[in-house]
Amino acid sequence: MRALNKLSPVALATTLVIGSMTAMPLTAQAGVSGTVQAANMYLWRGQNLTPNGAQVSGDLNYSHDAGMYAGVWTSTETGGQETDLYVGFGGGVGGVSYDISYWKYLYPEDCNSATPVSCSLGDTDASEFVVSLGFGPVSVASYIAAESGSDDNNYYTVGVDFAEKFNLTYGFWDLENPGNEYSHVTLMYSFSDELTFGVSVASNDSGYTEEGNAPDATGVTEDPLFYVSYAKSFDLK
């Protein structure tokens, strides 16, 4: 869950973790719910944000039966911690589901020199509007950069559910300044409500590599990424 400016310090959510973060699932009743999850990597839009380790994440989500929801999601990642705040509204009309949400991404900054070191969450100006539509097993989503004065860097997905436990997602970038675009295909298999397996392959559409770019550019990993996660959900009503 993050904006493209993470591609050049760190490149790209997951969450449902399905390779490109989708809007929060709608719930039938009001209440507070949460999830704790462990995965072998932070898989975000076809890229691994924790190449040297695993990922631990969790969220708390409040939903109202009128369709409104809000919450917080936090995760380990290379270089520190990520915390996302979100608010949204979803529903359905005539067999078509819809969801509109706003996401704010926060990362540690202003670390002190004490022992142990402590850091406050800084305002990075990284945020997105997410708009998704679904009809039967097919869904489409747009992730629109919301920072004032930023480049028009947007991300889009098309997904399909099949055979009850499989999800196939195609995601791609549309950038105001072309040169760093890539796309990916991610296949997820829900073995159970808790255990998920997946594989994701990215295509370096614009030839974006570390060579020839800024020193902090990470490039795009095109090798297949194999993903496994275990998540436990709970309700607080």
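## Report on an all-strand predicted model

The average pLDDT of the protein is 80, and 71% of the residues score at least 70; pLDDT is the predictor's confidence in each residue, from 0 to 100. Residues 1–28 have a pLDDT below 50, and this stretch has 112 contacts in the model beyond near neighbours in sequence; a contact means heavy atoms within 4.5 Å. Residues 210–217 also stay under 50, and here the model has eight contacts beyond four places in sequence. Where pLDDT is low, the predicted coordinates should not be read in detail.

This is a predicted model, in which local features need pLDDT of at least 70 and side-chain atom pairs count only at pLDDT 80 or more, whereas totals for chains, interfaces and linings use all residues. Residues are numbered from 1 along each chain as its sequence is written, and side-chain values use heavy atoms, with hydrogens and water left out.

**Overall architecture**

The protein has 14 strands and zero helices. These elements are DSSP runs numbered from the N terminus (helices: H or I, at least four residues; strands: E, at least two). Of the 237 residues, 42% are buried; buried means under 20% relative accessible area, exposed over 50%, and partly exposed in between (1.4 Å probe, protein chains only). The accessible surface comes to about 11,700 Å², with 60% belonging to carbon and sulfur atoms. Areas come from the Shrake-Rupley method with a 1.4 Å probe, and for residues only the protein chains shown count as cover.

Strand S12 (residues 183–190) pairs in the antiparallel sense with strand S11 (residues 166–174) over seven bridges. Two strands are said to pair if DSSP finds at least two bridges between them. Leu168 has Leu187 in S12 as its bridge partner. S12 also pairs in the antiparallel sense with strand S13 (residues 195–203), over eight bridges, and Tyr189 stands opposite Phe197 in S13.

**Nonpolar surface patch**

A nonpolar surface patch of about 800 Å² includes Val96, Leu133, Phe135, Val140, Phe162, Leu168, Tyr170 and Val185. Patches are made of residues with over 30% relative accessible area and no salt bridge, like charges being joined within 9 Å and nonpolar side chains (Val, Leu, Ile, Met, Phe, Trp, Tyr) within 5 Å. At least two patch residues come from each of strands S8 (120–135), S9 (138–145), S10 (154–162) and S11. Val140 is placed in strand S9 and is partly exposed, at 37% relative accessibility.

**Salt bridges**

Side chains of opposite charge can pair when their charged atoms come close. A salt bridge is a side-chain nitrogen of Lys or Arg within 4 Å of a carboxyl oxygen of Asp or Glu, and the count by this rule is two.

| Pair | N to O distance |
|---|---|
| Glu128 and Arg45 | 3.0 Å |
| Glu194 and Lys232 | 3.9 Å |

Glu128 lies in strand S8 and Arg45 in the loop between strand S2 (43–44) and strand S3 (47–48), so this pair ties together parts that are 83 residues apart in sequence. Glu128 is buried, with a relative accessible area of 1%, and Arg45 is buried, with a relative accessible area of 1%.

Glu194 is partly exposed at 25% relative accessibility, and Lys232 is partly exposed with a relative accessible area of 45%.
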